[in-house]
Structure formats: structure tokens, C-alpha cells
Amino acid sequence: MLKELKAAIVIFLALTFVTGIVYPLLVTAVAQLVFPHQANGSLIVQGDKIIGSQLLGQGFDDPKYFWGRPSATAAFPYDASSSTGSNFGPTNPDQLKAVSARLDAIHKAQPDDPRLVPVELVTASASGLDPEISPAAAEFQIARIAKARDVSEEKIRALVAAQTQGRTLGVLGEPCVNVLKLNLALDAPIK
């Protein structure tokens with residue numbers, strides 16, 4: 001029995017070393033060599049300052065910026081350490097209050113807009129951290145942003161078109177617009 005126990009302990013230690021140390025170090029090294037931008041969080045840097053990650057949504061509520069999907073993370077909005085959906089159904093009173101408050105904010109920012117608000121601008125995603133919106137949700141906000149920035153809608157629409165990402169491999173997913181990248185493009189001199 002002692003012989004089997006010794007063999008089990010040796011195998012346990014060997015597998016712990018291989019799967020707990022060697023494999024993670026190997027995967028990390030390969031990721032740093034082949035995909036360093038992605039392996040380090042797909043951070044967006046301007047000068048020496050980290051602006052954010054293209055993988056995580058951020059809160060924008062200034063009328064001169066595009067607004068993304070609301071966050072569902074607890075305590076602090078867009079907190080990646082507590083990524084979660086609210087799990088509220090469409091008839092949940094708390095969900096109805098949250099959607100109503102978001103609709104009120106949009107109608108306050110765009111009082112003369114009679115169009116229906118895209119659902120993604122008033123409901124959070126499953127992760128609560130979506131960095132992207134659909135081109136339709138971006139289009140919905142163009143008039144507000146053009147007015148706030150005193151720029152033509154055509155110029156803002158061209159920025160949206162330039163920032164729109166197509167389907168992966170032409171068939172997977174839906175076209176989308178990264179809100180942080182789009183807002184950074186807004187802050188650059190518009191031509």
C-alpha cells in the first residue's frame with residue numbers, strides 16, 4: 001500500500017508541476033510572442049496614458065459622445081471584476097425601472113427624436129460589459145452628437161462607417177461599432 005501511495009504522490013506532484021506551472025508559462029510565452037496586444041488586454045493607449053480596453057465597455061453620458069450599452073455590474077458600472085448580467089426578465093419591476101430611467105435619459109438628450117430607441121441602448125448585455133453597439137444604435141445617436149459638436153451629420157456618419165466592423169469571416173456575428181474607438185475618433189480632428 002505504501003508503494004501505491006508513493007506512486008500517487010509522485011504522479012500528483014508531476015501533474016501539478018506540468019499543468020500548474022509549465023503549461024501556463026508556455027501558453028503565456030506563446031501569447032506574448034504571437035499576440036502581445038491581445039494577451040495584454042487589448043489596451044488602447046494614447047501617449048503614455050491607458051485610455052481603456054477595446055474589449056470592455058465604458059460609461060459615456062455626455063451628449064457629445066456615443067453611448068454604449070448600459071452596464072449590469074454591481075456597485076461600479078463597467079467593473080470587469082464583477083462581470084455579470086442582471087438576470088432580470090422583461091417583466092421584472094427593477095428591470096422595468098432601469099429601462100424607464102435609461103429611456104428618460106435618452107429622451108432628455110434627444111427630445112425631438114420620434115424614433116424608437118434601439119433596445120441595446122436601454123438594456124444591458126449578459127456580461128454587462130459590452131464594448132460595442134450595432135450600427136443602427138450608432139445611427140440613432142448621430143443627430144444628437146452632430147448638434148452637440150456643431151458638425152455635420154454626414155461627417156459623424158462617415159466616422160461611424162469607418163469604425164464599423166463587419167461580420168467575422170463575413171458570416172459570423174453581426175456588424176458592430178466599438179464605442180470607445182468611435183468616441184476617440186470623434187475627439188480627433190474631424191475632416
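Leu13 sits in helix H1, residues 2-34; helices here are DSSP runs of H or I, at least four residues, numbered from the N terminus. This is a predicted model, where local features need pLDDT of at least 70, side-chain atom pairs count only at pLDDT 80 or more, and totals for chains, interfaces and linings use all residues. Residues are numbered from 1 along each chain as its sequence is written, and side-chain values use heavy atoms, leaving out hydrogens and water.

Leu13 counts as exposed because its relative accessibility is 51%, and exposed means over 50% with a 1.4 Å probe, protein chains only. Together with Leu2, Leu5, Ile9 and Phe12, Leu13 makes a nonpolar surface patch of about 550 Å². Such patches take residues with over 30% relative accessible area and no salt bridge, nonpolar side chains being joined within 5 Å; a salt bridge is a Lys or Arg side-chain nitrogen within 4 Å of an Asp or Glu carboxyl oxygen.

The largest pocket has a volume of about 330 Å³. It has 21 lining residues, and the closest to its centre are Phe60, Gly68, Pro70, Tyr78 and Arg102. A pocket is an open set of points on a 1 Å grid, with protein on both sides within 12 Å along at least five of seven lines, and lining residues have an atom within 4 Å of a point. Helix H3 (93-109) and helix H4 (135-149) each supply at least two residues of that lining.

How values were computed:
Patches are made of residues with over 30% relative accessible area and no salt bridge: like charges are joined within 9 Å, nonpolar side chains (Val, Leu, Ile, Met, Phe, Trp, Tyr) within 5 Å. Accessible areas come from the Shrake-Rupley method with a 1.4 Å probe; for residues, only the protein chains shown count as cover. Buried means under 20% relative accessible area, exposed over 50%, partly exposed in between (1.4 Å probe, protein chains only). On a 1 Å grid over the protein atoms alone, a cavity is a set of points where a 1.4 Å probe fits but cannot get out, and a pocket is an open set with protein on both sides within 12 Å along at least five of seven lines; lining residues have an atom within 4 Å of a point. Grid points are joined across faces, edges and corners, and a volume is the space filled by probe spheres set on the points.
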